Protein chains: 2
Amino acid sequence: MAEKITISTVAEHARVSRQTVSNVLNSPHLVREETRERVLASVQALGYRVSQAARQMRTGRSRLLALRIDAVRDGIHGSVLDRFLHGLTESADVAGYRLMLYTAADAAAEIATFDDLLGAYELDGFVLDSTHRGDARTAWLAERDVPFVTFGRPWGEPGWHPWVDVDGAAGTEQATRHLLAAGHRRIGFIGWPEDDGEVADDRRTGWARTLHASGLDPTGLHVGMPDGIAEGEHAARDLLAIPDPPTALVCASDSLALGALSADDRTGPGRLAVIGFDDTPVAQAIGMTSVSQPLAEVAGRCIDLLIHRLDRTPDGKVPQPEQILLPPRLVVRSSG
Amino acid sequence: MAEKITISTVAEHARVSRQTVSNVLNSPHLVREETRERVLASVQALGYRVSQAARQMRTGRSRLLALRIDAVRDGIHGSVLDRFLHGLTESADVAGYRLMLYTAADAAAEIATFDDLLGAYELDGFVLDSTHRGDARTAWLAERDVPFVTFGRPWGEPGWHPWVDVDGAAGTEQATRHLLAAGHRRIGFIGWPEDDGEVADDRRTGWARTLHASGLDPTGLHVGMPDGIAEGEHAARDLLAIPDPPTALVCASDSLALGALSADDRTGPGRLAVIGFDDTPVAQAIGMTSVSQPLAEVAGRCIDLLIHRLDRTPDGKVPQPEQILLPPRLVVRSSG
DNA sequence: TTGTATGCGTTATCAG
DNA sequence: CTGATAACGCATACAA
């Protein structure tokens, strides 16, 4: 076992005081170039690393960020979280932060966990997702001045905290435009029920406004269903049964789209065109056209915003929260 | 902002010494029942939480475990990691540990990260996955006496470190038995190339031995391909082209199985039966029979083994490493 | 059983 | 620019 290498070890080795080493690390501008290089060389030579625990004790900051990881509700969504997680870890890493995971069954439990994590580990910030109007979690955190970002808009008042989101309406708009360009004129939409939240509205809106902009009437061409394959199939059957049925469908999720695809047993050129949302592995697997969210970028921006908020804290004043809305990208495959 | 609640605050509130509070927390048996309850009540009342940073400084233990999260190579595998991750987080939580994430491009980078994490955060242990024969990571960790478990066997000498794994051969055996029971006699196997590692061998073995046990000859009925949909389709076409072709296929992954499925355009009773492996969302989505790994249990056992190793460290002697091999479960759907 | 003293590695303050 | 000193919150040996 190698001896523990502390800041004193380095100081001795570089023949300076302990404090100078600390300065080299934390306030390089205070130290003469020559000295700094010597110290840095010693740091390298000894393989010294600052003890986060000791630093944290002194500064009250842990350089730790936290993210909730849910039980897998809808398996099909797994990969979204997956890619997001990787992006977060990587971005946090380059900024000198680490990501910690926690679980919670519901919002109340999550808030209790905030308290725990803050008390025990002095976490520097949180990344939240699946936010909704009047989210109790964001209110709790804001009230205590805990830094956080959300992946998802606070639909009520979009400006009050930092967030990053993907423009769902722009996504369904792209999908709809693509179908229009392919010659479709009767384009339906399968989404989630009206009262299912703002994301549902958002995605439907992009489709509806695009049809309108082309002088087409979306009335009667959309149906809302809970998310799921069977639900998608059912919804598609309903839409195909109306007079002058749609020749193409835009869907709010890959699950719905997958179901829709199986509702049509025609093959060849006359086949129903279907576009999904999220570009999950399922879509990739079966060659389904889908709207892809730029998750790595979302993650990167989340970290940026959070770090920015963190680094400015010493000023005393909280900076103006920033918001970033990212466009998704249509991945065209064979289904539409 | 509420005042910082330290062990002294609690001591005052409970009218005992600071030390007594510490004892209540760390060595309850040293404290009289009555006193202990009073202290615990104060802890509750004040919402006190021990500072991990301070504790860590004293004890050298962080109550932090680390896991690598890769870039998504094969999207279809995403959900496996996902469920595993959730299981780990949850199990670690109940044991009083937290999970930290890190990324690394390759084994060398991962080892550098070990060093970093150990030096800066004094991590208590690591959970590794995708281990292989002669894994440099496990050797490095073992050499430094760093506690770790792996999800996956060290195929060379199975007994030298704690691990949890899923019995792949048992999985393909179940799949093959299921097909035999359904009346199939010509059952093929699509796996990975011979030199693709031990997992590939393992999964193929289960299939082959089951056919043998039924007096059937597996010769010429299997093909190895890199993982992928297109590869699966190609492999299936090859197998269907031989004289007396298979009527059913067991596959080493859902990707391969998905491809295999699309290689057969027959419908109805005569259709090629296909069974996948991993029970990914894709399988669930399209109703494909697949072998499911008990990921939550794997995660739980990993944490158990790790904690066990951690808690015994004070003894001085390293306990005998334990190994756990878990059986997978066949999820029967419509494809086979 | 309880209290007292000390140190873990770092950073902030302040004097040189 | 550099060096001494205190303090962060907790746990441990030791004495009472």
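Me: In what order do the twelve strands of the open sheet run?
Reply: They go β11(A)-β5(A)-β4(A)-β3(A)-β1(A)-β2(A)-β2(B)-β1(B)-β3(B)-β4(B)-β5(B)-β11(B), with mixed pairing. Strands here are DSSP E runs of at least two residues and helices H or I runs of at least four, numbered from the N terminus; two strands pair if DSSP finds at least two bridges between them. This is a predicted model, where local features need pLDDT of at least 70, side-chain atom pairs count only at pLDDT 80 or more, and totals for chains, interfaces and linings use all residues. Residues count from 1 along each chain as its sequence is written, while chains are lettered from A and ligands numbered from 1 in the order written.
Me: Which strands sit at the edges?
Reply: β11 (323-326) of chain A and β11 (323-326) of chain B, each pairing on one side only.
Me: And how do β4 and β5 of chain A pair?
Reply: Parallel, over two bridges: β4 covers 148-151 and β5 163-166 in chain A. A:Phe151 stands opposite A:Val164 in β5(A).
Me: Switching over, what's the order in the six-stranded sheet of chain B?
Reply: β7-β6-β8-β9-β10-β12, open and mixed again. Its edges are β7 (222-224) and β12 (329-331) of chain B.
Me: How many bridges join β6 to β7 there?
Reply: Three, and the two strands run parallel. B:Gly191 faces B:Gly224 of β7(B) across that pairing.
Me: Which strands does helix α9 of chain B lie across?
Reply: Helix α9 (198-213) lies across β6, β7, β8 (248-251) and β9 (273-277) of chain B, at about 175° to β6(B). Contact means C-beta atoms, placed from the backbone, within 7 Å; angles run from 0 to 180 degrees between N-to-C directions of axes fitted to C-alpha atoms, for helices over the stretch in contact.

Technical notes
Contact = placed C-beta atoms within 7 Å.
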